[in-house]
Amino acid sequence: REAAAAAGVDAAAWDAALDRAALAAEVRQAFWTVLFRQRMLALAHEDATTAMEIEAIVDLRVEGGEAAELDRIKARLERLRADRAVQAEAGRLAAARTVLAAQCGDGLPAEFELADAWPIQPESAAPAVDLTAAVADHPALRLQAAVRARREQELRLAEAERRPALAVGLAAAQEYDANSLSGFLRLELPAWDRNAAGIAAAAARRDEADALLAKLRRDIRRDVALAVQGLAQAREQRAAFEGDMRQAAAEAYRIDTLRYREGEVDFLHLLDTRRTARQVEAEYLLRQYDVQIARAELDRVLGKGDVEP
């Protein structure tokens with residue numbers, strides 16, 4: 001019984017470690033979501049400023065008779081869309097901050113600020129994962145191993161109950177003229193009840209724990225391999241934006257702005273270039289975010305319980 005209870009204590013400890021790992025992953029994901037939304041809000045503000053600048057350029061060209069009034073209407077519409085995008089991103093950021101505060105047990109101040117840990121330069125190599133060590137040290141596997149140990153002790157206890165038991169005790173008696181105290185020594189022989197059903201049930205629970213342990217080992221190896229693959233794919237998608245694409249899109253927009261000012265391109269061409277530049281930058285931020293989320297997912301399936309980003 002003592003050994004079974006000790007195994008139960010171990011199981012509870014590993015269960016708590018598994019919960020900490022899950023919570024750490026949720027906090028990490030919420031942290032990166034807030035940083036991502038901050039970056040997207042800053043990009044939306046930049047886009048709104050750009051839309052105002054374009055509207056001012058269009059106004060000058062329309063007043064000078066170099067552009068149609070329809071261009072002014074389109075420019076104003078683009079500026080209104082940019083302003084609404086700022087409001088939408090501000091709402092998404094507020095929601096992300098609320099989620100992070102809740103994940104931290106509402107222990108953060110109302111106007112908390114996060115350290116800007118957004119990666120400026122991508123890491124040069126993917127993190128190495130020792131799959132064998134990851135499986136051996138995983139808290140979920142340790143939890144199931146503790147459950148299996150408890151089932152083994154319960155089986156031993158059930159087997160012990162079919163053996164003869166020695167009972168020792170004292171008995172006190174009180175009569176009208178005397179008090180007596182006697183002792184007894186009794187040997188209990190389980191002649192009719194050999195606890196076969198209890199032993200069979202305990203053995204079945206132990207075998208079930210063995211099967212779950214083997215299944216869990218396979219599941220952890222699978223989940224870790226999938227998480228490593230997901231991180232690699234996220235890094236590959238981000239790499240597509242790490243070359244000259246962002247710089248080329250920004251430079252194309254700058255040049256087309258000057259060309260529109262000089263009347264060399266029409267307004268629709270300028271809008272298309274502007275939207276392309278913004279989309280490229282937004283996609284780059286999203287791919288950076290995907291890498292961080294994939295890394296948090298890898299830490300979760302590895303059972304890591306720290307909350308450092």
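Select F36 and Y289: both are buried, meaning under 20% relative accessible area with a 1.4 Å probe and protein chains only, where over 50% would be exposed and anything in between partly exposed. The model is predicted, so local features need pLDDT of at least 70 and side-chain atom pairs count only at pLDDT 80 or more, while totals for chains, interfaces and linings use all residues. Residues are numbered from 1 along each chain as its sequence is written, and side-chain values use heavy atoms, with hydrogens and water left out.

Next, show the aromatic rings. The chain has 3 aromatic pairs, counted when ring centres of Phe, Tyr or Trp (its six-membered ring) lie within 6.5 Å; planes under 30 degrees apart are stacked, over 60 edge-to-face and the rest tilted. One of the pairs is F31 and W32, edge-to-face because the centres are 5.5 Å apart and the planes stand at 85 degrees. F31 is buried at 14% relative accessibility, and W32 is buried at 3%.

Return to F36 and Y289: their ring centres are 4.6 Å apart and their planes at 20 degrees, so this pair is stacked. F36 belongs to helix α1 (residues 2-63) and Y289 to helix α7 (residues 267-302), so the pair ties together parts 253 residues apart in sequence.

Now colour by secondary structure. There are 7 helices and 2 strands, taken as DSSP runs (H or I, at least four residues, for helices; E, at least two, for strands) and numbered from the N terminus. Their order from the N terminus is α-α-α-α-β-β-α-α-α.

Finally, zoom out. The C-alpha atoms fill a box of roughly 130 × 50 × 30 Å along the principal axes.
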